[in-house]
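Take a look at the chain below. This report walks through its contacts, its core and its confidence values.

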Amino acid sequence: MLPLQGPVSFKDVAVDFTQEEWQQLDPDEKITYRDVMLENYSHLVSVGCDITKPNVIIKLEQGEEPWIIEDEFPCQHSP
């Protein structure tokens with residue numbers, strides 16, 4: 001087992017696509033992406049990651065396409 005490398009952030013578990021890559025996904029792949037991203041975010045919140053909801057999560061919850069902006073995933077950890 002590998003030793004812990006430090007706290008996990010949303011950016012560590014997020015997958016982002018360019019617009020071109022996104023357009024190449026079929027509808028089922030887009031649904032799977034949405035489900036996994038929302039689940040990853042939910043898990044981080046449930047274990048106490050003090051995180052502002054990333055724009056990508058807001059977009060996915062609203063049914064929008066998830067264009068991701070660099071440095072959009074702050075995760076602040078309690079001491």
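In which helix is the place of D12? D12 sits in helix α1, which covers residues 10-13. Keep in mind that the model is predicted.

Is D12 buried or exposed? Its relative accessibility is 52%, so D12 counts as exposed, the cut-off being over 50%.

**Salt bridges**

How many salt bridges does the count give? The count comes to 2.

| Salt bridge | Closest N and O atoms |
|---|---|
| D35 and R34 | 3.3 Å |
| K53 and E61 | 3.1 Å |

Now check how open these residues are. D35 has a relative accessibility of 40%, so D35 is partly exposed. K53 is partly exposed because its relative accessibility is 33%. E61 is at 43%, so E61 is partly exposed as well.

**The nonpolar core**

Which residues have the most contacts inside the largest nonpolar core? They are F10, Y33, M37, V56, I57 and L60, in a core of 14 residues. Two or more residues of this core come from each of α3 (27-46) and α4 (55-61). Helix α3 gives the largest share, with 5 residues.

**Aromatic pairs**

The count of aromatic pairs comes to 4. Start with F17 and W22. Their ring centres lie 6.0 Å apart. Their planes meet at 55 degrees, so this pair is tilted.

W22 is at 5%, so W22 counts as buried. The cut-off for buried is under 20%.

W22 also pairs with Y33. This pair is edge-to-face, with 5.3 Å from centre to centre and 75 degrees between the planes. The pair links distant parts of the chain. W22 lies in helix α2 (residues 19-24), while Y33 lies in helix α3, and the two are 11 residues apart. Y33 has a relative accessibility of 7%, so Y33 is buried.

F17, W22 and Y33 form one aromatic cluster.

**Confidence**

How confident is the predictor? The mean pLDDT of the protein chain is 80. A value of 70 or more is reached by 77% of its residues. Which element has the lowest confidence, and which the highest? The lowest is α1, at a mean of 86. The highest is α3, at 93.

One stretch calls for care. Over residues 70-79 the pLDDT is below 50. Beyond near neighbours in sequence, this stretch has 24 contacts in the model. Where pLDDT is low, the predicted coordinates should not be read in detail.

Conventions. Residues numbered from 1 in each chain as written. Predicted model: local features only at pLDDT ≥ 70, side-chain atom pairs only at ≥ 80, totals over all residues. Heavy atoms only, no water. Helix = DSSP H or I, 4+ residues; strand = E, 2+ residues; numbered from the N terminus. Buried < 20%, exposed > 50% of the residue type's maximum accessible area, 1.4 Å probe, protein only. Salt bridge = Lys/Arg side-chain N within 4 Å of Asp/Glu carboxyl O. Core = buried A, V, L, I, M, F, W, Y, C linked by side-chain atoms within 4.5 Å. Phe/Tyr/Trp six-rings, centres within 6.5 Å; stacked < 30°, edge-to-face > 60°. pLDDT = per-residue confidence, 0-100. Contact = heavy atoms within 4.5 Å.
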